[in-house]
Structure formats: structure tokens, C-alpha cells
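Me: I have a sequence and a model open side by side, and I would like to walk through them with you. Could we take it feature by feature?

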Amino acid sequence: NGATKYVYITSPYLIPNGQILTSMTTASRSGVDVRIIIPRKSDSWAAQYASDSYIEQLLDSGIRVYRYCKGFVHAKTMVIDGLFTSIGTANLDYRSFSINFEINALLYDKEMAGRMEEVFKNDLAESEEVELDRWKERGLKRKLQESFSRLWAPLL
């Protein structure tokens, strides 16, 4: 919520709760550069479809979403404004926020934030950006799979 320049997030699962979704979209709409890297192919079809169900809303709000192409990205990191870094076990999903016993290191350190920003940008080079116009063209079957999986998102 306090970001003024950018928020860079990497997560293998993108199933945000309402508060996180509102924070990300509000930040983006207020001019903060919000970028998210997720896997191109997940290790769970249900999580993949549930994650995909959020992409259009994120793109509509100006958030840039990238799919990591060089294998399965399992990093769980966030870098904000070159000042703050979060690294740990928490995914960007309901279970990590509410049920699982996750742990993250929260670092207020410019040097570490700079190093993690570099890692993020290196991962961007191995990713493809999701384009809103092309995303909207996905088929009805895919949209139904996403909607069904989103119903189960709190359990994933």
C-alpha cells in the first residue's frame, strides 16, 4: 500500500485474497509500476486455472503479468521501491495467508532490494508478457475452467 514507484512480485501461485487484489490494483491505478511473474505452466492444473482467472482483472488495472518460460518458477519474492524485500515460503494465495505455517524474511535494505530487483529483471528476460487483447481471445472452455477453479481457490 505504501509503494510509490514499483512493486515486483514473483510467485508460483497467484490466487490473491480480496485485500491483496485491491492493494495491487489500487497501486497500479495510482501510477505504481506493478509487475508479476508467474509460471507459464504450473505444477497443478487447478492452481493454474485459478491463477489465470485473475489475469484479466490485473491487466485491466494496468498490472503487467509475465509468464516465466524457463521451467517452473518457485520463487516467492517481492521488491518495493528499491527499499523493501520479502523472500520466503509464502505464496500469493489464500492458503499461505490463512492456513499454512509460512515464513518470510522482511528486509528493509537498499543493497538487498537492488540485488533482488536485478534477479527479478533477469527472470523477466526469461518470461513472456501476457497481452490483454490476446488474453481476452482465449476460448470459452478455458474461461469456464478458470471460473470453476476460482470457486475452489480458497482450498488450493
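Reply: Gladly! Let's begin with a helix: α2 bends by about 25° at Y54. Please keep in mind that this is a predicted model.

Me: How far apart are the end C-alpha atoms of helix α2, and what span should its 16 residues have?
Reply: Helix α2 covers residues 45-60, and at 1.5 Å a residue it should span 22 Å.

Me: Which residue just after α2 takes a positive phi?
Reply: The phi in question is about 100°. The residue that takes it, just after α2, is G62.

Me: Which element supplies the largest share of the largest nonpolar core?
Reply: This core has 24 residues, and those with the most contacts inside it are V7, M24, I36, I55, L58, I63 and V65. The elements β1, β2 (14-15), α1, β3 (33-39) and α2 each supply at least two of its residues. The largest share is five residues, and it comes from α2.

Me: Is Y66 buried or exposed?
Reply: Y66 lies in strand β4, residues 64-68. Its C-alpha is 6.1 Å from that of I36, although Y66 and I36 are 30 residues apart in sequence. With a relative accessible area of 6%, Y66 is buried.

**Pockets and a cavity**

Me: Which element gives the most to the lining of the largest pocket?
Reply: The largest pocket has a volume of about 480 Å³. Its lining has 23 residues, of which I9, I20, M78, I80 and L92 lie nearest the centre. Two or more residues come from each of β1 (6-10), α1 (18-29), β5 (77-80) and β6 (84-88). With four residues, the element that gives the most is α1.

Me: How many residues in the lining of the largest pocket are charged?
Reply: The lining divides into 13 nonpolar and nine polar residues, plus a charged group. The number of charged residues is one.

Me: How many charged residues does the lining of the second largest pocket have?
Reply: About 210 Å³ of space lies in the second largest pocket. R40, R67, E128, E129, V130, E131, R134, W135 and R138 line it, and β9 (127-129) and α5 (132-136) each give two or more residues to that lining. By class there are two nonpolar residues and no polar ones, and the number of charged residues is seven.

Me: Which elements give two or more residues to the lining of the largest cavity?
Reply: A search of the whole structure finds one cavity of 30 Å³ or more, and about 40 Å³ of space lies in the largest cavity. P12, I38, P39, S42, Q48, S51 and R67 line the largest cavity. The elements that give two or more residues to this lining are β3 and α2.

**Residues in loops and a strand**

Me: Is K41 buried or exposed?
Reply: K41 sits in the loop between β3 and α2. Its C-alpha is 26 Å from that of Y6, and the two are 35 residues apart in sequence. The relative accessible area of K41 is 66%, and exposed means over 50%. K41 is therefore exposed.

Me: What is the phi of D81?
Reply: Most residues other than glycine have a negative phi. D81 lies in the loop between β5 and β6, and it counts as buried at 12% relative accessibility. D81 is not a glycine, although its phi is positive, at about 55°.

Me: How does G88 count by its relative accessibility?
Reply: G88 has its place in strand β6. G88 and D133 are 45 residues apart in sequence, and their C-alpha atoms are 34 Å apart in space. At 26% relative accessibility, G88 counts as partly exposed.

Definitions and conventions:
Residues are numbered from 1 along each chain as its sequence is written. This is a predicted model: local features need pLDDT of at least 70, side-chain atom pairs count only at pLDDT 80 or more; totals for chains, interfaces and linings use all residues. Side-chain values use heavy atoms; hydrogens and water are left out. The expected span of a helix is 1.5 Å times one less than its number of residues. The bend at a residue is the angle between axes fitted to the seven residues ending there and the seven starting there. On a 1 Å grid over the protein atoms alone, a cavity is a set of points where a 1.4 Å probe fits but cannot get out, and a pocket is an open set with protein on both sides within 12 Å along at least five of seven lines; lining residues have an atom within 4 Å of a point. Grid points are joined across faces, edges and corners, and a volume is the space filled by probe spheres set on the points. Ala, Val, Leu, Ile, Met, Phe, Trp, Tyr, Cys and Pro count as nonpolar, Asp, Glu, Lys and Arg as charged, and the others, Gly among them, as polar. A nonpolar core is a set of buried Ala, Val, Leu, Ile, Met, Phe, Trp, Tyr and Cys residues joined through side-chain atoms within 4.5 Å. Buried means under 20% relative accessible area, exposed over 50%, partly exposed in between (1.4 Å probe, protein chains only).
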